[in-house]
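This briefing is for a reader new to the structure. The model is shown first, and the notes after it are grouped by topic.

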2 protein chains.
Amino acid sequence: MGLFETELKVVNIGLEAFMQGLRDSGVKAVQAKFKPPLVSDASLFAKAAKASARVEKANRKAMERILAAKPALTGMGIALDVIPGMRKDLILHAGPPVSWGRMCGPMRGGIMAALMYEGLAKTPEEAGKLAASGKIKYEPCHEHGAVGPMAGIISASMPVFIVKNEAHGNTAYATQNEGLGKVLRYGAYSPEVIERLKWMEKVLYPALRDAIEFLGRVDLKAMVAQALHMGDEVHNRNRAGTSLFYRAIAPAVIRTCKDPETAAKVLDFVNGNDHFFLNLSMALSKASLDAGRDVKDSSVVVVMARNGTEFGVQLSGTGGKWFTGPAPVPDALYFPGYTKADANPDIGDSAITETNGLGGFAIAAAPAIVQFVGGSASDAVSYTMAMYGITAAESNIYKIPALDFRGTPTGIDVVKVAKTGILPFIDTGVAHKDPGVGQVGAGVLSAPPEPFARAFEHFARTLK
Amino acid sequence: MGLFETELKVVNIGLEAFMQGLRDSGVKAVQAKFKPPLVSDASLFAKAAKASARVEKANRKAMERILAAKPALTGMGIALDVIPGMRKDLILHAGPPVSWGRMCGPMRGGIMAALMYEGLAKTPEEAGKLAASGKIKYEPCHEHGAVGPMAGIISASMPVFIVKNEAHGNTAYATQNEGLGKVLRYGAYSPEVIERLKWMEKVLYPALRDAIEFLGRVDLKAMVAQALHMGDEVHNRNRAGTSLFYRAIAPAVIRTCKDPETAAKVLDFVNGNDHFFLNLSMALSKASLDAGRDVKDSSVVVVMARNGTEFGVQLSGTGGKWFTGPAPVPDALYFPGYTKADANPDIGDSAITETNGLGGFAIAAAPAIVQFVGGSASDAVSYTMAMYGITAAESNIYKIPALDFRGTPTGIDVVKVAKTGILPFIDTGVAHKDPGVGQVGAGVLSAPPEPFARAFEHFARTLK
């Protein structure tokens with residue numbers, strides 16, 4: 001009976017709701033920061049523990065390759081000409097594989113825009129019919145060495161950046177960023193969207209291509225390292241990256257572009273979009289992580305990607321196999337007139353930046369993003385600090401000023417995620433759930449548990 | 001006798017050297033963070049305290065004007081044509097007034113460079129003779145609405161930026177930044193220095209002037225606000241400011257420059273010098289602070305400037321009167337081959353940025369600078385936090401991400417400096433003490449006490 005007569009001081013473990021009830025009744029309670037493991041089968045953890053020396057060795061090998069990457073922008077080309085396996089009837093999309101029937105609204109909208117852009121359909125109705133007809137095939141960008149933000153649509157005629165990992169010899173591809181507002185990658189398909197894409201193909205692309213050829217190469221790794229010292233995490237904030245890229249490219253654009261007014265318009269377009277660098281930071285991340293693929297016994301995550309329906313993960317040690325689960329809806333700052341009810345679940349290949357130790361993993365370098373969704377600079381530091389708990393290494397090049405230039409937490413180890421229950425922290429844009437609308441906000445979220453639980457289970461079960 | 005038999009635990013107040021002695025002998029000792037007031041005459045503090053309501057009201061008025069400043073780059077011109085009171089036989093210099101006889105090496109070197117640049121001397125020997133002949137007059141930049149980094153030399157033919165405070169109507173001037181290495185402002189005068197200055201007059205200046213005219217105005221205040229979110233404090237770190245200025249100006253340079261190759265070279269020059277923005281942030285600060293001048297009874301500092309011999313201060317409430325003391329030698333990272341023994345005492349008008357709540361006052365936004373001289377990100381935060389103790393306001397526009405976007409400490413109150421003994425924290429470049437050498441390092445320092453003690457004494461004594 002003493003329990004009911006003395007003042008209670010409670011330490012609560014697990015569900016926070018219990019603590020709130022106690023607090024509401026005036027009882028002092030603290031929440032223990034305990035998270036249960038993602039996976040309940042203890043035998044799998046035992047198996048992983050037994051093989052841990054081997055797994056750690058494999059992870060070191062994968063991380064050495066990833067950290068040694070030298071991603072440089074070496075050229076541009078048309079998707080059909082340069083992306084391996086690209087075809088005229090093929091559309092690449094963000095995230096793990098998904099059929100038209102299961103695709104979310106903004107991905108459908110983006111595909112409709114691409115079909116009109118390619119001249120394969122004249123109206124949204126025609127495009128919708130063709131898209132569903134079975135004549136058009138859909139495959140993940142990631143399975144073609146490419147990455148795309150949000151819907152991540154790449155069709156045959158689209159110009160792409162070519163980013164070469166000069167240390168490992170592999171190559172990654174990404175389209176040119178369209179800017180904000182009504183754009184294909186957020187599922188919009190109005191005439192202005194198609195017109196802009198055409199201008200980007202006919203004017204922007206040749207100018208940037210010639211400038212890059214003139215320069216030979218643009219060192220993207222050094223640029224990202226600098227951008228992290230300038231308030232970017234190169235996912236949701238790319239103002240510094242865009243500025244540095246602009247400075248590098250502008251004199252070359254002037255020297256190679258025949259018409260000064262065209263050169264000025266091209267530079268105005270880049271200058272007008274502080275996210276222009278995003279697609280480059282994504283291709284840099286893809287080129288870096290692909291070098292860490294296919295290391296036997298490695299539990300390092302080499303892909304996190306979302307198609308707006310599912311969130312997918314790939315590991316270094318498990319080849320091209322996708323581990324998926326439902327994509328969550330991000331916490332976000334919504335544009336006026338929109339709420340979370342309008343938001344599509346998380347979408348895009350841009351989580352490749354987090355996979356590479358950037359984005360949400362480097363958010364301590366970009367506190368402005370956290371403030372954007374109501375947090376503080378110390379929250380930003382906390383998010384990055386938590387990621388050190390689930391990563392296999394620290395970057396030797398990408399460093400965070402606020403942490404005395406400590407390297408960013410890099411290389412998610414799925415064993416650590418499964419053990420600690422700490423989930424990767426991701427910055428993201430938010431698309432309207434209906435096709436044709438566009439962006440409705442920007443925010444942050446934790447990755448969903450299922451893909452990591454499944455990846456760990458498969459990894460541990462198949463460990464020899 | 002107990003004192004010599006028990007273990008000592010010492011709290012030391014004042015000179016830290018005493019504590020070091022104890023520590024060296026294995027005695028536990030902590031240093032109390034007490035600083036004695038700068039001024040020992042208690043009657044002056046009593047006088048200031050009695051008038052404090054009036055002084056605070058005056059300071060609010062001065063700070064309202066300073067914070068409301070709208071400094072924009074509105075044009076360029078040749079010093080002789082645009083700087084009030086400029087003459088062919090006049091050379092403007094950094095800091096408080098100083099005769100040729102008392103000038104430090106780098107300022108003499110800069111003047112010799114300017115005389116050769118103006119065609120008034122052919123060799124360094126000729127220039128030195130002319131400089132000392134009495135035919136050339138010397139006056140502070142600050143007394144002509146201008147500011148100059150390091151030696152701060154402005155001669156009649158030099159092009160200058162025109163920065164207009166659109167809220168108050170006043171104007172400030174600064175030259176174009178030459179870049180690093182062997183440059184006039186660090187006292188170098190070799191042929192390459194003069195050649196570069198000529199190119200800056202004949203090629204860079206017309207291109208930038210026409211581009212600014214095309215744009216109408218460039219909003220420098222918004223640019224500095226952004227740069228603080230991007231790792232700059234716009235004194236010793238200007239990479240973001242330079243990037244943002246570059247982005248704003250480049251398309252206009254292309255549109256107004258007749259020859260594309262010239263446009264490319266002009267942009268290459270700006271791109272090649274991450275300090276290009278410094279002179280603009282100085283002119284912005286000067287244009288802002290001049291609006292706060294001549295408020296009766298205000299103890300706000302409106303100028304801190306060094307001529308390499310003396311450090312000078314002006315207050316809002318004491319008109320054009322300079323309060324001076326010896327300039328200290330900065331703690332610095334020295335370039336290979338140089339030591340503190342090579343360093344000239346602190347020099348330049350660039351402390352106008354600190355006076356305006358930027359530079360060392362905003363160093364929490366730019367931890368890279370502190371790391372540069374062996375400190376940590378938390379040191380950077382501490383330096384900025386200390387400055388809140390001696391300032392009259394917080395900026396409404398210039399904000400620091402790491403402090404949850406708190407406004408920078410702005411408007412040094414000389415009464416607070418005198419009372420607390422806390423001295424303004426300043427970022428700076430370091431020139432070789434001999435003419436003709438150039439930059440030997442970069443570092444940080446606290447302003448010397450004497451100018452502030454003298455300013456306070458005069459201020460308090462003359463309070464009616």
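Strand E3 (residues 71-78) of chain A is joined to E8(A) by two bridges, and the two strands run antiparallel. The model is a predicted one.

- E3(A) and E8(A) belong to an open sheet of four strands in chain A, with the order E7-E6-E3-E8 and antiparallel pairing.
- At the edges are strand E7 (171-175) and strand E8 (218-219) of chain A, each of which pairs on one side only.
- Leu73(A) has Val218(A) as its bridge partner in E8(A).
- Leu73(A) also stands opposite Val163(A), a residue of E6(A).
- Val163(A) in turn has Ala172(A) as its bridge partner in E7(A).
- Seven bridges link E3(A) with E6(A) in the antiparallel sense.
- Five bridges link E6(A) with E7(A), again in the antiparallel sense.
- The hairpin of E6(A) and E7(A) has five residues between its strands, and Gly169(A) there takes a positive phi near 95°.

- Is strand E6(A) enclosed or open? Seven of its seven residues are buried, so E6(A) is largely enclosed by the rest of the structure.
- Pro159(A), Phe161(A), Val163(A) and Asn165(A) point one way from E6(A), and all of them are buried.
- Val160(A), Ile162(A) and Lys164(A) point the other way from E6(A), and these are buried too.
- Helix H12 (residues 278-290) of chain A lies across E3, strand E6 (159-165) and E7 of chain A.
- H12(A) runs at about 160° to E7(A).

**Chain A as a whole**

- Chain A has 17 helices and 17 strands.
- The radius of gyration of chain A is 23 Å, close to the 23 Å that the globule rule gives for 464 residues, so chain A is as compact as a globular protein of that length.
- Along the principal axes, the C-alpha atoms of chain A fill a box of roughly 85 × 45 × 40 Å.
- Of the 464 residues in chain A, 57% count as buried.
- Among contacts in chain A with a separation of 6 or more, 73% are between residues 24 or more positions apart.

**A three-stranded sheet in chain A**

- Three strands of chain A form another open sheet, in the order E12-E17-E16, with antiparallel pairing.
- Strand E12 (331-334) and strand E16 (425-431) of chain A stand at the edges with a single partner strand each, so one side of each is left without a neighbour in the sheet.
- On average, neighbouring strands of this sheet are turned by 20° against each other, direction ignored.
- E16(A) and strand E17 (residues 439-446) of chain A run antiparallel and are joined by seven bridges.
- Phe425(A) has Ser446(A) as its bridge partner in E17(A).

**The side of chain A that touches chain B**

- In chain A, 29 residues are in contact with 29 residues of chain B.
- Helix H10 (239-256), helix H11 (260-271) and helix H14 (367-372) of chain A are the elements that give two or more residues to this side.
- H10(A) supplies the largest share, 10 residues.
- By class, this side of chain A has 17 nonpolar, six polar and six charged residues.

Helix H11 in detail
- The 12 residues of H11(A) should span 16 Å at 1.5 Å a residue, and the end C-alpha atoms are 16 Å apart, which agrees.
- Which residues of H11(A) are buried? They are Ala263(A), Ala264(A), Val266(A), Leu267(A), Phe269(A), Val270(A) and Asn271(A).
- The cover over these buried residues of H11(A) includes helix H8 (191-215) and H10 of chain A, together with helix H10 (239-256) of chain B.

**A hairpin in chain B**

- Strand E14 (residues 391-400) of chain B pairs with E15(B) over five bridges in the antiparallel sense.
- Glu394(B) has Pro409(B) as its bridge partner in E15(B).
- Five residues lie between the strands of this hairpin, where Asp404(B) takes a positive phi near 55°.
- Five of the seven residues of strand E15 (residues 406-412) of chain B are buried, so E15(B) is largely enclosed by the rest of the structure.

Notes
Residues are numbered from 1 along each chain as its sequence is written. Chains are lettered from A and ligands numbered from 1 in the order in which they are written. This is a predicted model: local features need pLDDT of at least 70, side-chain atom pairs count only at pLDDT 80 or more; totals for chains, interfaces and linings use all residues. Two strands pair if DSSP finds at least two bridges between them. Two residues are in contact if their C-beta atoms, placed from the backbone, lie within 7 Å. Axes are lines fitted to C-alpha atoms, for helices over the stretch in contact, and angles run from 0 to 180 degrees between N-to-C directions. Ala, Val, Leu, Ile, Met, Phe, Trp, Tyr, Cys and Pro count as nonpolar, Asp, Glu, Lys and Arg as charged, and the others, Gly among them, as polar. A residue is buried if 20 or more other C-beta atoms lie within 10 Å of its own, exposed if 12 or fewer, and partly exposed in between; C-beta atoms are placed from the backbone. The radius of gyration is taken over C-alpha atoms; the globule rule is 2.2 Å times the number of residues to the power 0.38. The expected span of a helix is 1.5 Å times one less than its number of residues.
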